[in-house]
Amino acid sequence: MNVFSLINSKDIRQYLHKINYEFNSLETAWLIYQCHSLSYEEKRAMWQELIQTMPDCTLPQRSYETETKSLHESIRQYIEVFDQKIQIFLNDEPDHKNVYMYSYRYGSYEKECTEDYYAIFPSLELCLADFQEESEDGDEVLSFKIKKQSLDNPYHYIEVTYRIDGQILDIYENPDEHNPIPNFFEELYLEFPTPFEKGDILWIPNCKGVFDRYCDERFVLKHLCTWDSPDVDKTYRDNTDMNGIVYMAFPNYGIDYDHPYNYMDYEFYREPLKPEEDFLKVLSNYMKGKFDVEVLLRVFRKKYLEQVLAKDTTISWWDYSTQVIERE
């Protein structure tokens with residue numbers, strides 16, 4: 001199994017390969033789970049290979065759990081429940097108790113749009129047929145979803161996300177009336193070495209229009225969770241804590257911070273920045289210690305006023321934070 005190929009970030013992938021990083025069973029299982037390019041069937045096959053070829057281990061124990069869990073057994077349960085939900089979704093008997101709808105993402109990976117649910121069909125077959133006809137005329141389709149809605153219980157539905165080749169990527173049931181899919185993958189907190197340093201300009205590229213979780217804004221890295229001291233208690237951390245503290249530029253020419261998740265998706269940004277993001281280069285150099293704070297403040301004011309004048313805007317000082325108001 002080529003574990004390096006599972007890493008979404010090309011920069012982290014190359015770095016771990018360069019240092020000959022060795023993955024354990026838990027890390028490999030999670031990397032399979034979070035890989036954007038794999039369908040569920042492809043992940044399923046790799047998990048089964050992992051069970052057969054890599055040693056078992058126990059999952060990190062949560063505070064509310066009374067016993068440890070086996071990784072191999074947890075993966076088997078995950079697959080079993082996921083397979084059950086797929087069968088429930090694909091059960092397309094003409095009982096007139098369910099209807100089907102589709103939505104899809106289209107355009108380019110840099111600029112995409114979403115066609116929301118707008119038509120209702122009495123069967124999965126008819127729904128897919130209409131989607132195929134609709135998607136053949138227009139921009140490239142990046143991914144699509146089919147929603148199976150219960151007529152007996154309007155609040156219950158199952159939604160499946162498909163890759164454009166028709167392979168299932170994910171499934172969601174609301175509410176989870178059947179066996180809930182084990183969420184132990186989301187409860188994991190893992191630390192991998194990365195090539196990133198304070199002040200690096202990074203981004204999370206859109207992963208082929210598949211998932212909502214991406215950040216196509218550029219940002220300057222201030223801190224990464226993996227840089228925390230070994231003495232810091234990480235017992236209660238999970239996937240959502242696998243992030244960094246970053247600075248971003250916003251349309252009002254201000255700078256704010258955020259915590260984009262997941263750091264294993266971070267990549268170096270190598271393309272030219274937008275005009276309103278140009279100050280990120282200055283901030284990056286300051287954070288790397290190339291000049292002092294006085295230079296940072298002078299350049300920030302200069303860049304800020306240049307953008308205000310270029311956009312023909314008025315600065316409002318009445319609020320505690322600087323606001324830029326577009327003129328009519």
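At what angle do helix H2 (residues 25-34) and H4 pack, and how far apart are their axes? In this predicted model, the two helices pack at about 20°, and their axes lie 11 Å apart. An angle under 35 degrees counts as roughly parallel, so H2 is roughly parallel to H4. The crossing of H2 past H4 is left-handed. On the H2 side the contact is formed by Ser-25, Leu-26, Ala-29 and Tyr-33, and on the H4 side by Leu-71, Ile-75 and Tyr-78. Sorted by class, this contact of H2 with H4 holds six nonpolar residues and one polar residue, with no charged residues.

The protein contains seven helices and 12 strands. Of its 328 residues, 45% are buried.

The axes of H2 and H3 come within 10 Å and cross at roughly 170°. Because angles over 145 degrees count as roughly antiparallel, H2 is roughly antiparallel to H3. Here Ser-25, Thr-28, Ala-29, Ile-32 and Tyr-33 of H2 touch Lys-43, Met-46, Trp-47 and Leu-50 of H3. This contact of H2 with H3 includes six nonpolar, two polar and one charged residues. How many of the residues of H2 are buried? The helix is mostly covered, with 10 of its 10 residues buried; among them are Glu-27, Trp-30 and Gln-34. The cover over the buried residues of H2 includes both H3 and H4.

The pairing of H3 with H4 comes next. Helix H3 (residues 40-53) and helix H4 (residues 71-90) have axes that come within 10 Å and cross at roughly 155°. This makes H3 roughly antiparallel to H4, and H3 passes H4 in a left-handed crossing. From H3, Tyr-40, Arg-44, Trp-47, Gln-48, Leu-50 and Ile-51 take part, meeting His-72, Ile-75, Arg-76, Tyr-78, Ile-79, Phe-82, Asp-83 and Ile-86 of H4. By class, the contact of H3 with H4 brings together nine nonpolar, two polar and three charged residues.

Leu-6 sits in the segment before helix H1 (10-18). With a relative accessibility of 2%, Leu-6 counts as buried. Although Leu-6 and Ile-32 are 26 residues apart along the chain, their C-alpha atoms are separated by 6.1 Å. Beyond its neighbours within four places in sequence, Leu-6 contacts Thr-28, Leu-31, Ile-32, Gln-34, Cys-35, Leu-38 and Met-46.

Just after H6, Gly-289 adopts a positive phi of about 80°.

Note on methods. Residues are numbered from 1 along each chain as its sequence is written. This is a predicted model: local features need pLDDT of at least 70, side-chain atom pairs count only at pLDDT 80 or more; totals for chains, interfaces and linings use all residues. Side-chain values use heavy atoms; hydrogens and water are left out. Axes are lines fitted to C-alpha atoms, for helices over the stretch in contact, and angles run from 0 to 180 degrees between N-to-C directions. Helices (H or I, at least four residues) and strands (E, at least two) are DSSP runs, numbered from the N terminus. Angles under 35 degrees count as roughly parallel, over 145 as roughly antiparallel, 65 to 115 as roughly perpendicular and the rest as oblique. A crossing is left-handed if the near helix is turned anticlockwise from the far one by less than a right angle, and right-handed if clockwise. Contact means heavy atoms within 4.5 Å. Ala, Val, Leu, Ile, Met, Phe, Trp, Tyr, Cys and Pro count as nonpolar, Asp, Glu, Lys and Arg as charged, and the others, Gly among them, as polar. Buried means under 20% relative accessible area, exposed over 50%, partly exposed in between (1.4 Å probe, protein chains only).
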